[in-house]
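Please walk through this model with two topics in mind.

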Amino acid sequence: MLTRRIVCIGAETDPQLCFWQEIASSLDAEVIRLSISTFKTCWTIVSSNSYTALQLTFPRRMDIKLDDAATCWYIRLPSVTDENCRTTLALLHSFLTIHAFPLGNYFYGGFEEATYGSKPFQLQSLLHFVPFTRLVNVVDRMSGANLPIIKSMSLQRSTVVNALDSRLNITPHRRADIPVQLQRRIEGASAKVHFYRTRDHEWLALTVIASVHDNAIDYRESRDVSLRFEQTSPEMFDVADEIYQKIQCAFFDVDYIHTEGRPVFLEVNMSPAPCAFVTKGDSHAAVFSFLVLYDWLGTREI
Amino acid sequence: MLILLGARENKTLLGFYNYVSSRYSVKIAWLDHYQLINEISVHDTIHTCGKTNISWRYKDDEFTSGNVLGVLNDLRSLESGLFQDFAPEDRKYAQEEFFAYLLSALSALPNVANRPSQGGLSGFTRTLPYQWATARKLCPSVGIPKYYLGRMSDAECRKFDPEYTVISDKLYDYGNWTPASRPIAEGELALTYEIPSGSACIASYVGGKIYCFRLTNREGFAASDKILHFVKLLAEHFCLTICQVLFFADGASGHITFGAIRPHLDIGDCADIHVCALYASMASEVLPYAY
């Protein structure tokens with residue numbers, strides 16, 4: 001039995017939270033699953049000079065101190081939340097960075113750290129060797145740039161489209177428009193490597209390669225995609241070390257395209273969901289997720 | 001080229017504009033939120049190594065990574081009103097995209113004070129309870145206000161002296177230090193805090209230099225090493241080049257209680273004798289060639 005409990009907060013239907021819950025329960029760890037929609041009715045935050053806790057009011061009254069060494073915290077911000085929820089989760093997140101992060105019980109980037117929610121900022125500051133990119137906000141320059149991939153910059157709409165197809169469905173706005181990223185198309189296999197830094201400072205990694213057969217530019221949009229798992233190359237661990245030095249987040253994934261013998265990096269995601277790669281007949285993603293929780297909720301440091 | 005970013009009514013920017021234009025022969029462009037959203041045409045490049053070249057056109061001017069010497073950045077939040085011309089379903093998206101864009105662009109320009117950060121285009125100092133918890137961690141000998149954050153209840157309120165207590169539902173209201181309570185429904189999340197004893201003082205911080213000012217008599221004073229050290233720690237924690245820290249100093253005991261930190265400098269909260277020195281310090285941050 002694992003002695004740490006895990007508090008998971010997010011949307012009721014979040015598949016990654018369901019997945020954690022399933023694994024943690026199978027490991028006999030205590031799981032407290034809270035839905036964002038029940039904030040105020042079932043749980044709230046309480047803080048004073050000497051005490052900061054998450055207060056459960058339903059089904060039983062219970063306080064969980066944020067600096068409790070035996071509690072791990074996992075938050076996933078849903079893409080659609082009202083402003084009050086965002087404020088509350090931001091508050092909880094900020095308290096967790098003070099109280100739970102130093103204990104290794106919170107991943108820090110548990111939900112969007114806004115700085116790294118800017119994709120061009122990531123290209124500048126987190127990653128080396130990225131696709132040639134232009135940032136433009138004038139409609140005329142989109143067609144003239146000869147760079148066929150259009151991407152949003154924030155995580156608000158994680159859209160990748162072909163320039164010929166549409167313009168992110170944005171209504172034109174006087175002479176200026178919403179800034180977008182135009183990127184050179186890189187031919188090659190799309191890859192995502194998940195990294196988890198254990199409590200002993202070793203890396204666990206899971207690399208998934210997606211091959212798209214219907215000419216889609218984003219494998220998530222493809223109807224004809226095949227996934228395979230591959231051993232993570234040694235140089236990717238250097239990349240993980242470098243990213244960790246900057247973001248201090250113990251659990252993240254990196255998207256890249258493997259082309260001409262080297263990776264071209266696209267973005268870092270601090271709220272990874274390996275559950276998306278759990279498939280029938282292949283246990284890699286499930287084993288990886290099991291090992292992540294087994295280490296994180298393990299007993300060694302309590 | 002020197003760029004000032006912020007509202008036209010911003011007195012600190014206006015004073016700095018006058019200070020620089022009377023002393024240096026540098027072209028100054030002052031852009032507010034509206035101009036950034038509506039009148040700048042962007043054509044930036046990120047090279048494969050991650051190096052970014054900024055290229056903005058505004059009227060007849062071209063701002064590039066090569067010709068911008070520095071940026072005094074006092075942009076506050078991108079209010080939703082700026083995006084009223086977008087289709088309703090695009091407004092929130094547009095707001096997020098411009099934030100993401102400005103965050104990367106301002107990070108790529110040289111000598112930007114303050115640099116953008118999570119939650120704020122010119123720095124972010126999070127909520128009051130976060131600030132207090134951080135201050136206590138950084139410097140345990142500095143006091144913090146007695147506070148309670150949680151569901152509003154009579155029992156909790158009775159623990160505070162109403163004569164010195166603020167009750168608010170605003171967690172980011174760094175300037176709210178007048179005893180009063182907002183109407184908050186029973187059971188709602190509220191922040192209750194007691195105004196510390198001692199005289200209220202403001203430390204203005206610019207690039208490591210600190211100027212202190214007593215709010216009661218509006219006089220400047222030389223800060224103790226303890227205050228200097230504490231303010232520096234706070235500024236570094238929040239990655240700020242420019243900020244103001246409110247603290248309460250008890251003259252008799254020498255005890256210091258931290259109030260709040262904000263990622264801006266309001267020149268109205270500074271002693272007159274410090275104003276020139278503050279502008280000079282800002283100039284040395286955004287126009288380092290001048291020194």
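In α1 of chain A, the residues A:Q16, A:L17, A:F19, A:W20, A:I23 and A:A24 are buried. Buried means under 20% relative accessible area and exposed over 50%, with a 1.4 Å probe and protein chains only. An α-helix has 3.6 residues a turn, so residues three or four places apart point the same way.

This is a predicted model, where local features need pLDDT of at least 70 and side-chain atom pairs count only at pLDDT 80 or more, while totals for chains, interfaces and linings use all residues. Residues are numbered from 1 along each chain as written, chains are lettered from A and ligands numbered from 1 in written order, and side-chain values use heavy atoms, without hydrogens and water.

The whole structure holds three cavities of 30 Å³ or more. A cavity is a set of points on a 1 Å grid over the protein atoms alone where a 1.4 Å probe fits but cannot get out; lining residues have an atom within 4 Å of a point. The largest cavity has a volume of about 80 Å³, the space filled by probe spheres set on the points. Its lining includes B:D74, B:N114, B:H264 and B:M282. Domain 1 (2-113) and domain 3 (199-286) of chain B both contribute lining residues, so the largest cavity lies between them. Those bounds come from an automatic or database domain assignment.

Definitions and conventions: 1 Å grid on protein atoms, 1.4 Å probe; cavity = no way out; pocket = protein on both sides within 12 Å on 5 of 7 lines; lining within 4 Å. Helix = DSSP H or I, 4+ residues; strand = E, 2+ residues; numbered from the N terminus.
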